[in-house]
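Work through the exercises below with the sequence and the model side by side, and try each task before reading its solution.

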Amino acid sequence: MKNNRLDWIIKEIKTNGTVIDVGSDHAQLAIKLLTRRKAKHVYNIEANKNPYQVTIKNLRNKGLIDKTTNILGDGLKTSIINEKVDYCVIAGMGAKNIINILKEKNKRIKIDNFILVPNNHVNVLRAYLKKIKYRAKFERIIEDKDYYYSLIVSSLTEGLPIKTKKDIYFGPYNLIHPSKTLKCMNQKRLNYIEKHKIHLHNQQINQELKMLKES
């Protein structure tokens, strides 16, 4: 994950509390959160052994190992976490992988807020959040080297409900608070569809084009 996405994630963590980072890679997020005093404890969860070992090395080099719990494991299946967590970050992977992690979460882990940054298919992720009745507290479109990423802060108890097809496609927060980056992303998508005429033989893309024009 690029540093600017990390920085936007950090900006949305509002309390100096407990954070889970799923797919923590080399503990970049944990190091920034702890050194900036944006977290008091970070659970790093990494499924792959080599990045996990680098995580341990990096945290020791920074003198932060005692402020973390480092888990070599798959997603949120772990039984090690037995406290209420302020934020869980799942970023740098596809929407379907994020959905699988949410589906397989140990029910004993209580999480106030999820910060989700999928690499693709954000509408599929929003549709799943709608299904499990999670709300959109905040959303930001991040531009990174001609790619656009959606950062979603989601909670079971706070924020806007995801109800309609437009909510799923655009995000309910974005519909009320459209940013310049969102408008630019939508215009580029509209131009691409019309230029390549991909809506002519695809009903789903045709519906997408109508929503983009209406927005």
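**Exercise 1.** State how much space lies in the largest pocket and which residues lie closest to its centre.

*Solution.* The largest pocket holds about 1000 Å³ of space, where a pocket is an open set of points on a 1 Å grid over the protein atoms alone, fitting a 1.4 Å probe, with protein on both sides within 12 Å along at least five of seven lines, and a volume is the space filled by probe spheres set on the points. Its lining (residues with an atom within 4 Å of a point) has 29 residues, of which Val 122, Asn 123, Tyr 169, Arg 189 and Glu 208 are the closest to the centre. This is a predicted model, in which local features need pLDDT of at least 70 and side-chain atom pairs count only at pLDDT 80 or more, while totals for linings use all residues. Residues are numbered from 1 along each chain, and side-chain values use heavy atoms, without hydrogens or water.

**Exercise 2.** Decide whether Thr 68 is buried or exposed, and find its side-chain partners.

*Solution.* Thr 68 has 9% relative accessibility and therefore counts as buried (under 20%; exposed is over 50%, partly exposed in between, with a 1.4 Å probe and protein chains only). Next, its side chain reaches the backbone oxygen of Ile 65 at 3.0 Å. Finally, the Thr 68 side chain makes a polar contact with the side chain of Asn 70 at 3.0 Å (N or O atoms within 3.5 Å, one able to donate a hydrogen and the other to accept it; residues adjacent in sequence count only if both atoms are side-chain atoms).
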